[in-house]
Amino acid sequence: MKKSSKLSDSVHVLVLIQLDPFHNLTSARLAESIKTNPSFIRQIMSKLKQAGIIESIAGHPQPRLTAEPKNISLLDVYHAVEGNEPVLHLDTDINPECGPGINIQLSLKDYYQDIQKNIEQQMEKITLQDVIDNYENRLENPQSDYLELIADN
């Protein structure tokens, strides 16, 4: 199963919008930074716009945040791009005649709901400004490199 990177890609886009390091934030330029295609970026930006997190004008490469980064939580971004999709998913493609299989999934459901609640509580505490501050700290004090990032995934 492919992991979703919508949240991290959306935060990436929002940080670039706030810091505007390229002075030309077209979907093509943003896609280049994330190593994806411009269509995917436009989809993300559309969801962020619908959620009221950014504003933009078609044909103008100058999107803006609608609030200060300290007032945008990771949970806001998550809900904008993932909706109410949970982080963890039960396997519903099991044999309906297998009692253990059904009961294992139902047993996991309660735990997954608790995990989801905890994740959302933590995401509510982390703001876009926190991410920006961490990013800027890493620029000043490089602690890792790209190889470490990809090794963790």
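**Figure 1. Lys 35 and the end of helix 2.** Just after helix 2 in this predicted model, Lys 35 has a positive phi of about 65°. Within helix 2, which spans residues 27-34, the buried residues are Ser 27, Leu 30, Ala 31 and Ile 34. Seen down the helix axis, these buried residues fall within an arc of 100°, so they line one face of helix 2. An α-helix has 3.6 residues a turn, so residues three or four places apart point the same way. Helix 1 and helix 3 are among the elements that cover the buried residues of helix 2.

**Figure 2. Packing of helix 1 against helix 3.** Helix 1 (residues 6-19) and helix 3 (residues 38-50) have axes 10 Å apart, at an angle of about 80°. The two helices are therefore roughly perpendicular to each other. Helix 1 makes the contact through Lys 6, Asp 9, Ser 10, Val 13, Leu 14 and Ile 17, and helix 3 through Phe 40, Ile 41, Ile 44, Met 45, Lys 47 and Leu 48. By class, eight of the residues in this contact are nonpolar, one is polar and three are charged.

**Figure 3. Leu 48 and the largest nonpolar core.** The largest nonpolar core has 28 residues, of which Leu 14, Leu 48, Ile 53, Ile 54 and Leu 128 touch the most other members. At least two residues of this core come from each of helix 1, helix 2, helix 3, helix 4 and helix 6 (128-140). Setting aside neighbours within four places in sequence, Leu 48 is in contact with Ser 10, Leu 14, Ile 53, Ile 54, Val 77, Ala 80 and Val 81.

**Figure 4. Crossing of helix 4 and helix 5.** The axes of helix 4 and helix 5 (residues 99-125) cross at roughly 120° and come within 6 Å. The pair is therefore oblique. On the helix 4 side, Leu 74, Leu 75, Tyr 78 and His 79 take part, meeting Gln 116, Glu 120, Met 123 and Glu 124 of helix 5. By class, this contact has four nonpolar, two polar and two charged residues.

Figure 5. Ser 73 lies in the loop between strand 2 (64-65) and helix 4 (74-82). With a relative accessibility of 5%, Ser 73 counts as buried, because the cut-off for buried is under 20%. Not counting residues up to four places away in sequence, Ser 73 touches Met 123, Glu 124, Ile 126 and Thr 127.

Conventions
Residues are numbered from 1 along each chain as its sequence is written. This is a predicted model: local features need pLDDT of at least 70, side-chain atom pairs count only at pLDDT 80 or more; totals for chains, interfaces and linings use all residues. Side-chain values use heavy atoms; hydrogens and water are left out. Helices (H or I, at least four residues) and strands (E, at least two) are DSSP runs, numbered from the N terminus. Buried means under 20% relative accessible area, exposed over 50%, partly exposed in between (1.4 Å probe, protein chains only). Contact means heavy atoms within 4.5 Å. Axes are lines fitted to C-alpha atoms, for helices over the stretch in contact, and angles run from 0 to 180 degrees between N-to-C directions. Angles under 35 degrees count as roughly parallel, over 145 as roughly antiparallel, 65 to 115 as roughly perpendicular and the rest as oblique. Ala, Val, Leu, Ile, Met, Phe, Trp, Tyr, Cys and Pro count as nonpolar, Asp, Glu, Lys and Arg as charged, and the others, Gly among them, as polar. The arc is that of the directions from the helix axis to the C-beta atoms. A nonpolar core is a set of buried Ala, Val, Leu, Ile, Met, Phe, Trp, Tyr and Cys residues joined through side-chain atoms within 4.5 Å.
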